[in-house]
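Hi,

Here is the structure I promised to send over. Have a look at it first, and then read my notes below.

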Amino acid sequence: MLLNYFFRTGIFFKIIFSFVVVAFIQSSAVASEFQLGSLTIKDPWSRATSSHQMSGVVYVKIINSGNHADRLIKVESNRSKKATLHDMILDGDIIKMHSIKNGIEIPANSEVELEPGAKHIMLMGLKTKLDRGQTVGIALHFQHAGLIEIKALVFGAGSRGPKRENIKGGLQGDQRKNAHRNH
Ligand SMILES: [Cu+2]
């Protein structure tokens with residue numbers, strides 16, 4: 001029997017192993033770069049939420065390699081009832097969050113990073129909680145470049161993002177100190 005021969009020679013296990021390797025490479029290589037005309041959408045990420053949290057947050061870097069400015073005017077998500085663009089401002093000693101009315105400008109030949117403590121995408125009215133390792137579908141609407149759908153990878157609750165943490169790793173050092181911050 002052919003199958004018996006494979007078992008005896010170990011080829012069977014080699015084939016299975018190569019499938020496992022391919023599956024692993026595919027799952028760990030979650031696309032972190034998306035292209036829309038001269039815009040590059042890089043490393044979109046989110047944070048895990050607990051079941052009583054009604055809102056979530058998404059961060060992303062947007063690089064404009066073109067000679068014309070563009071503007072992120074609207075966001076949507078498959079994981080929440082509503083998604084909005086938010087910024088943080090210091091009001092006395094208190095950091096407050098407010099929605100951005102006219103969108104976020106992406107100047108020509110430059111980049112804008114939505115990151116903790118600054119501009120972010122707010123997911124309002126989460127349909128289900130966000131778990132680490134999941135992805136959040138986000139639609140970004142640009143004034144000139146149009147629409148692109150991206151996937152943001154969910155990191156741990158107190159994560160400072162892909163630059164600072166492996167998806168499988170826990171909180172470390174100052175990540176832990178910042179863990180109470182939601183934005
Ligand atoms: Cu917010």
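By nonpolar core I mean a set of buried Ala, Val, Leu, Ile, Met, Phe, Trp, Tyr and Cys residues joined through side-chain atoms within 4.5 Å; buried is under 20% relative accessible area, exposed is over 50%, and partly exposed is in between (1.4 Å probe, protein chains only).

Before I go on, some housekeeping. This is a predicted model, where local features need pLDDT of at least 70 and side-chain atom pairs count only at pLDDT 80 or more, while totals for chains, interfaces and linings use all residues. Residues are numbered from 1 along each chain as its sequence is written, and side-chain values use heavy atoms, with hydrogens and water left out.

Next, the aromatics. The structure holds 2 aromatic pairs (Phe, Tyr and Trp rings, the six-membered one for Trp, with centres within 6.5 Å; planes under 30 degrees apart are stacked, over 60 edge-to-face, the rest tilted). W45 and Y59 make a tilted pair, at 4.8 Å centre to centre and 40° between the planes. W45 sits in strand β2 (residues 39-47) and Y59 in strand β3 (residues 55-64), so this pair ties together parts 14 residues apart in sequence. Strands here are DSSP runs of E, at least two residues, numbered from the N terminus. W45 also pairs with F155: the ring centres are 5.9 Å apart and the planes at 80°, so that pair is edge-to-face. F155 belongs to strand β11 (residues 146-155), 110 residues from W45. W45 is buried at 5% relative accessibility, and Y59 is buried at 0%.

Now the metal. H86 (ND1), M97 (SD), H120 (NE2) and M122 (SD) coordinate the copper ion at 2.1 to 2.2 Å. Donors are N, O and S atoms within 2.8 Å of the metal (3.2 Å for Na, K and Ca). Why call the arrangement tetrahedral? Because the 4 donor atoms subtend angles of 99 to 120° around the copper ion, and four donors count as tetrahedral if all angles lie between 85 and 135 degrees. Along the chain, the donors follow the spacing H-x10-M-x22-H-x1-M. H86 is buried, at 7% relative accessible area, whereas M97 is partly exposed at 36%.

Cheers

Methods. Four donors count as tetrahedral if all angles lie between 85 and 135 degrees; four count as square planar and six as octahedral if opposite donors are over 155 degrees apart and all others between 65 and 115; anything else is irregular. Helices (H or I, at least four residues) and strands (E, at least two) are DSSP runs, numbered from the N terminus.
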